[in-house]
Structure formats: structure tokens, C-alpha cells
Amino acid sequence: MNHPEKAAVFLEDKENAKWHDETLWFVRDKRDVVSKSIPEWEELRETASQIKDNVLSNLDEYLVEFERNALANGIKVHWAKDAEEHNKIVLNILQQNDCKAIVKSKSILTEECHLNQYLEKNGVDVVDTDLGERIVQFLNQPPSHIVLPAIHLKKAQVSDIFHDKLNTEKGNHDPSYLTNAARLHLREKFLAAKVALTGVNFGVAETGEFVVCTNEGNADMGVHLADVHVACMGIEKIIPKREHLGVFLRLLARSATGQSVTNYNSHFRSPAKGKEIHIVLLDNGRTEQLGREKFKNSLKCIRCGACMNTCPIYRRSGGYSYGSVVPGPIGSILSPGIDLKKHSSLPFASTLCGSCSDVCPVKINIHEQLYEWRQEITKAQTSINAKSLAMKFANGIFSVPFAYKLGGSMMRGALKLLPHSITYSNLNTWGKERDLPEVPKESFKDWYKKNKL
Amino acid sequence: MNPSREYILNKIRALRQEVVEAPIIPEFEVAEDLVSTFKISSAANKGEVIDREAFVALLESGQYPRIYSTAKGFESYTNITVPQDPHEFSDLSLAVVEGQFGVAENGAIWLDEENLEFRILPFITEHLVILLDKKKLVGNMHQAYAKIGNTKSGFGLFTAGPSKTADIEQSLVIGAHGAKSLKIVMI
């Protein structure tokens, strides 16, 4: 199913769709309030965007510098050109440590690599420790949002899942009660794990350190108790200097959840005595995207999720309707670069209102890139579908002035007479949830003739 | 040579990109009253700023059966045997540590290995108290990183509040995996 088909399924439960829409707007609203409390907000965004321009234009040098410093700090550095190699590297580290169970904090990158499934197939038990991720993991679902993984679920559903998996009281929907049950359950896992895996928010070339941000503290609970910390990082997560962290940490949480900063911002520079830190640097299509002039800015993304919270389509279609690891506007410009055919409907899942670009903390021109992808996809599409047939017809009319004039008056008549059954038939997807406009009595041309000044 | 390393680096180099200069981070104005701004920021994160008297009363209240304190002048409140294995902190009721400095704009406090002999401590403890010198406040994160400079701690942490989550229907719950409360003692 493509995006509009899955969105239609999502919208069948009208009440739930409304709730989803309102809940994400609430988060967007919090972001607005907190960002407006900083007078230099726009300047900060611009600075962040320019730092990322520098990063992308000099990425090879920064990666080498990062590696050199990380090695000097006693961190082991691995390079993976694709998901398969990434997963093998991780499995290899686990096997060397004779490890059959890991705890993992939120990492969209490992979702991208389908690491959990790979490890499980190879006999490793993976426990996602972010509360939202644990909830969706119990359901065998991927996250539906990159910051709020279980945003599509209501507390009653979570209560049922926890009753089933954690033996909580049936019908107790209290979020505090449920969170505490998860706390006790995951504490056991933290205390038992020998290897902990995390994502990376920022890797600093100058120092070879990397930063992981969470609100729950789950990343730290995992890594400081385990003997081995494996950090998985996309190559675009590099920033040049430590001072640049100041810019990004001011933007990240404010954009993501409307907090002034995440609760825990951990800077890992070298392993604690007797322990190991591994970093896996992953390409998986990123260098490809870097080579696409029109789309390379998508690599500036710091994964705050603000574009999802603000997007009228995301809010009203849910994360799963996108069928891509990163949903929403940013996902719709990243995913076609990975698999154009599979994700060809995503750049059309937008009103091009530009709100995503307006809230983006690193000023990615998301809506412009969505428009660009549409051009690429239309060019790549050889089969004629209903829409392109209409477009060809329109093209004929617009290129002949007489046909346009005649067509206009016919259309004004037709809009009045067009039977409901045609406008709102299943053939015409436009007619869903839309009304035809009120028809003016005369064309603009006729009006202009009469009223010439 | 690692073939994937070369593959990735060569792919980037083949693009022959012109290097765009990194910007200079502008100097931004900060709040005049750092102490009151810090308190407001901390409260928004569900942290609580208390004074020395309130802290001592808390320590002596008996509500924390297992205390580990590394803060200068308060070491004697430690009532556990300091474990070799940090896993044994799992039933700790209260940890007391010193913070290096605080950030007024967001209530974050910087700690590094000087303050954290055990990296797990501020996370595994049920409740956390951080002592903070009110003269050691900076306005924003830019000043904070200027203050950190190029110190070389193996681990550093900005912590801004108790552990929290809103993953169940966006309802805020304090105490996800880490400390269920954060109190900051300003001295």
C-alpha cells in the first residue's frame, strides 16, 4: 500500500485520528512557546545550518579527525558502508564478548539497519529501553515517530500490553503506574546486560567524543552498567568542534519536545577503567545523498521530529502510513534517495505549506526538496496513471488559447451540473474530503473586459 | 587498510566539494539575574532548588535509608559501604554530588569525572542532590562550553532534571529509569 492508501486506513478511526492530530499539535505548540523565549532563535538556526554546511563540505576530513582523536582516547572505531556490514560488526562485537542479550537505547539508525531482527535471528535478545520503544517492541512494531515512538497508542492500549507482558493490573491505565512497572522491568535488564548499545546525537571531530541525549536516562543506565558500549552513528552526525555543541543542544530539545534542554546530555570521551567503547560509523546511502546537489541538505537533520509534529499530513495520517524508517516530511526527502520506487508516493504526502522548513532547527528546505523529488519521480515514472492522463489533457488545453477559452466556460457549466457520483467517485481521489468550489458567473477575462479601467 | 573506510572517504572525496567555512558563533545576551533565571529553568524541568538548611533537614529526616555522598563537607552522611561493583548501587536511596557549574537558560548542571567517580551514580540512585555554588552560574550553553574548554574528562554530563518520560499518551511522568527527583542545593 502507498501513503494515501495507508492514510485512508488510519483515518477510518476518526476519533483516534483527531486525537493524534491534536496531540502532535500540542507538542508543536510547546516548541513555539519555548523557541520564542529565545530572542536569538533565528540566528541560532542560521548558525546551526551554516555549521552543517561546513560539516557536509568537509566531511572526509572531519571523519578522519574524529577517528584519530577517538582512537587516541581509547575508543574502537569501525566503518560500515551499508546496513549489512553495520549489523555484522555489531554481532561480531557481541560474539567476542560472549553476549547473548543487550540493552539498547533509542537509535533510528539501528531501525534503518533492521539491527534488532538481525541480532534476534542470530540468537541475541534485544531489549529496547526507551519506554516508548519498549512499548512498540512488545507489539513487534517499529516506532511511529522518531522522538515519540508510541505516539499512536492510547494509554488503554499500553495498559493491555503491559498487563499481558509485565503482569500489571488489568484496566489500570494510570501512566505513572504503567511507567513504574516498566522501570522495574527494565532495571532488571540494565543490571544484567554486558553490552549496551546507543545511538549518537553528535560526534565531535576536535575531541573524538560523542554526545547522547535522553530524557529518561536509559542510555546511561545501560552503558555505565555494561562492560561494553557500542555506539552506532551515521557519518553525518559529525560536528567540527566542542563549542558547536552549545548551538545544537540549545536547538535540539526546544525543537523536539519544547524543553529547554534534554535531561541527560552525556559526553563520552574515553571508556571507564576496564571497559570498552566501540563506535560504528555508517554510510548506508549517505555519501550517495551527499552527491545529490538538490537533496544533500537533508543530511543536516538532527532528528528532532519538529517537522512531523507540525506537518498537517503527518498529524492526520500517522507515522506508519509512510512505510519508511523516518516518517514525516524529513523522511519523505530521505527515503526516496534510498529506494525511489518503494517511496515514490512520499514526496506527494505533503501540502507543500512549508511549515516543516519553518520549524526545522537547521533550516533544511524540506518543502522545496519535496517539490524537487516530485519532479524526479514524475520524470522516472513511465507508466501512465490516471493523474498524468489528466495532466496531458490539461497540457493540450493550456497550450491552445481557443481551447482554454471554450474549456473555461464549459467547466463553469460543468461544475454546476457535474453529478455528485462522478466528482466523489473512487476514480477521483481529489474528491475525497473535498468540496467543489462555488462557481463564478463569468470568467476573469470577461470580468476584465467589462470593468477595464 | 580498512576497505569500507577507504570506500566511504573516497566517495566523499570524489565529490570534490568546495569547503564552506564554519561560522563564528555570535555572542548572545544572557539574563541579568542568573540565580533567579536558573531557578525558573530548573523548576520547568521539575528540578527543585533548595538551601543548605532545607538540605540538612532532608538528610536528617530519615526518609533516605541508603545515602552515598561525595560532596565536600557532607561526606559523613554516607551510610553505606562504597561498593567495588557499581551494580550494587541499585538500591541506593540518595546520592549527593557536587556540580561544577550551572546554566541559567536551561537549568543544566555540568558534572565530569572529577565529580563522578562512578559514572552510573546520578542515574542509578533513586534520588539525586547536586550541590552548586551560586557564583558558578553561566548564562547560556555557549558560555558553558567556553567554561568547559578543552578539559579531558572521559565522561561529562549536563543534567537538567529528574528522569522523565511522556511516552504514554504524552502524560508527563517523573522517574522513568533514572533519579525520581533532583534537588539542587545552592550555596
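1. Start with the pair that spans two chains: α12 of chain A and helix α5 (residues 141–148) of chain B pack at about 150 degrees, with axes 8 Å apart. Axes are lines fitted to C-alpha atoms over the stretch in contact, and angles run from 0 to 180 degrees between N-to-C directions. The two are therefore roughly antiparallel (angles over 145 degrees).

2. A quick word on the basis: this is a predicted model, where local features need pLDDT of at least 70 and side-chain atom pairs count only at 80 or more, while totals for chains, interfaces and linings use all residues. Residues are numbered from 1 along each chain as its sequence is written, with chains lettered from A and ligands numbered from 1 in the order written.

3. Who touches whom here? A:Glu243, A:Leu245, A:Gly246, A:Leu249 and A:Arg250 meet B:Met141, B:His142, B:Ala144 and B:Tyr145, contact being C-beta atoms, placed from the backbone, within 7 Å.

4. Now look at α12(A) itself, residues 243–256. Helices like this are DSSP runs (H or I, at least four residues), numbered from the N terminus. 13 of its 14 residues are buried, so α12(A) is largely enclosed by the rest of the structure. Buried means 20 or more other C-beta atoms, placed from the backbone, within 10 Å of the residue's own.

5. Within chain A, helix α3 (residues 41–57) packs on α12(A) at about 125 degrees, with axes 10 Å apart.

6. After α12(A) comes A:Gly258, with a positive phi near 80 degrees.

Notes:
Expected span 1.5 Å × (residues − 1). Buried ≥ 20, exposed ≤ 12 C-beta atoms within 10 Å, placed from the backbone. Parallel < 35°, antiparallel > 145°, perpendicular 65-115°, else oblique. Contact = placed C-beta atoms within 7 Å.
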